[in-house]
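Colleague: Could you walk me through this model before I set anything up with it? I'll ask as we go.

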Amino acid sequence: MTETTTDLMVDGFCAEGFGAVRDEFERNFRLRAELGASVCVRVGGATVVDLWGGVADADVGRPWDRDTVSVIFSATKGAASTCIHLLAGRGEIDLERPVAAYWPEFARKGKDQVTVHDVLTHRSGVLAIRAPLPAGAFFDAELMADLIAAEAPFFPPGQQQGYAAMTYGYILDALVRRTDGRSLGRYFADELAGPLGLDFWIGAPPQIEPRIAPILLPEIDPTTAAEFFLLTADPESIPGLQFGNSGGYLTPGQHNFNSREAHGAEIPSGGGIANARALAGLYEPLAFPGVDHNGVCFDSAAVAWMSTAHSAGWDHTLRHNFRLGLGYMLSVDNRWRPERRQDSLLLGSDAFGHTGFGGCVGFADPAHGMSFGYTMNRMSSAVTIGRRGQSLIDAAYYCLGLGSTDSGSWR
């Protein structure tokens with residue numbers, strides 16, 4: 001790789017002993033085409049890394065500063081899942097009951113036995129909407145709920161694993177609305193983001209707009225692209241339906257993820273707005289089960305159950321091996337397939353969290369008392385996280401005394 005000579009413009013804080021994270025963060029800009037990004041690591045309840053840098057908006061040259069935020073795509077699912085676990089811990093939702101017990105309309109088309117557990121483990125079969133969606137459909141949660149209720153599963157529920165890229169969040173939103181009365185975005189703001197002091201929104205208010213970094217889509221090389229990306233060109237495939245039939249959210253145009261309309265909408269599968277500090281803060285209570293964080297506390301047994309592998313193997317959407325806990329991604333090693341090496345997510349054995357399209361990630365590692373967040377605006381073409389995010393994860397574990405900074409060697 002050729003090192004660039006542009007000014008790095010990296011700012012923030014890095015505690016003694018965690019310099020390797022800063023080194024990799026700077027290396028991402030010099031060697032791995034990072035544009036703007038933030039990374040935050042908390043260990044033992046203290047912030048040891050809080051860095052940001054680069055360019056937030058290349059069109060106007062606006063730098064990425066301390067308060068810059070960006071769309072985190074599917075890393076939003078980690079926040080949505082955590083809302084469900086809060087409700088479960090308070091006895092308002094039973095994860096083993098059918099979704100239809102709370103949302104009767106969902107039972108249509110053979111979905112009557114789909115449990116909340118099936119949804120959290122991406123085994124519901126409800127992967128996409130087949131009928132063409134109107135423009136801006138993702139901005140209307142009740143419309144999406146009606147369409148999902150009328151949809152038939154793509155495979156028998158509970159029998160296979162298939163990542164529900166966008167339907168996932170709307171199902172969870174419907175559950176929250178029908179048990180608590182608030183929308184998932186409102187519930188998240190009241191019960192998690194507010195108490196934890198997070199710069200994190202599922203439905204950002206207008207005053208946040210000037211702080212949002214526009215997202216740049218990755219360049220996909222058809223000669224080396226993952227099967228998932230190749231299938232998005234087939235409108236009848238699951239990836240094609242998920243990307244192409246999005247009401248404009250995932251395609252260029254006035255309704256896409258960079259629009260004000262999208263930023264203000266509650267899109268609990270992929271529309272969260274946050275930075276690395278917020279992602280690390282979200283996962284801190286999960287890294288310290290049994291510890292009260294301003295009213296947010298998770299039982300140790302519940303956290304252990306969340307981070308247990310409930311589904312693993314070939315994913316019919318993402319087209320590679322995946323491991324899933326209860327609403328979270330777990331460490332998965334696909335390096336044995338050289339062509340898909342970058343589609344690994346290498347975490348500690350007890351760690352759990354969620355990546356987002358393009359490479360952002362947040363996770364908790366209770367075994368090491370660590371929570372971690374990384375966000376960026378230039379997307380990677382990796383299906384999971386890519387080299388930039390993985391290099392920061394590797395460096396964080398290295399600083400904890402767990403191996404070298406070579407990807408995953410500490411495992």
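**Notes on the model**

Modeller: Let me begin with N256, which is buried, with a relative accessible area of 11%; buried means under 20% relative accessible area, exposed over 50%, and partly exposed in between, with a 1.4 Å probe and protein chains only. This is a predicted model, in which local features need pLDDT of at least 70 and side-chain atom pairs count only at pLDDT 80 or more, while totals for chains, interfaces and linings use all residues. Residues are numbered from 1 along each chain as its sequence is written, and side-chain values use heavy atoms, with hydrogens and water left out.

Colleague: Where is N256 found, and what is it in contact with, neighbours within four places aside?

Modeller: N256 is found in the loop between α8 (238-244) and α9 (260-264), where helices (H or I, at least four residues) and strands (E, at least two) are DSSP runs numbered from the N terminus. Leaving aside neighbours within four places in sequence, N256 is in contact with G248, Y249, T251 and A262, contact meaning heavy atoms within 4.5 Å.

Colleague: Zooming out, how many helices and strands does the chain have? And what is its radius of gyration?

Modeller: The chain has 12 helices and 12 strands. Its radius of gyration is 20 Å, which agrees with the value near 22 Å that a compact globule of 411 residues would have; the radius is taken over C-alpha atoms, and the globule rule is 2.2 Å times the number of residues to the power 0.38. Buried residues make up 59% of the 411 residues, and among contacts between residues at least 6 apart in sequence, 66% join residues at least 24 apart.

Colleague: Which residues have a positive phi without being glycine?

Modeller: Among them are A33, with phi near 60°, and H122, with phi of about 55°.

Colleague: Now the helices. How many residues of α10 are buried?

Modeller: In α10, 11 of the 12 residues are buried, so the helix is largely enclosed by the rest of the structure; the buried ones include L279, L282, Y283, E284 and L286. At 1.5 Å a residue, α10 (residues 276-287) should span 16 Å, and its end C-alpha atoms are 16 Å apart, which agrees; the expected span is 1.5 Å times one less than the number of residues.

Colleague: And α12, what do its buried residues pack against?

Modeller: The buried residues of α12 pack against α1 (19-31), β2 (36-43), β11 (361-365) and β12 (370-376). Helix α12 (residues 386-399) is mostly covered, with 12 of its 14 residues buried, among them R388 and D394. From its first C-alpha to its last α12 reaches 20 Å, close to the 20 Å expected, and just after α12, G401 takes a positive phi of about 90°.
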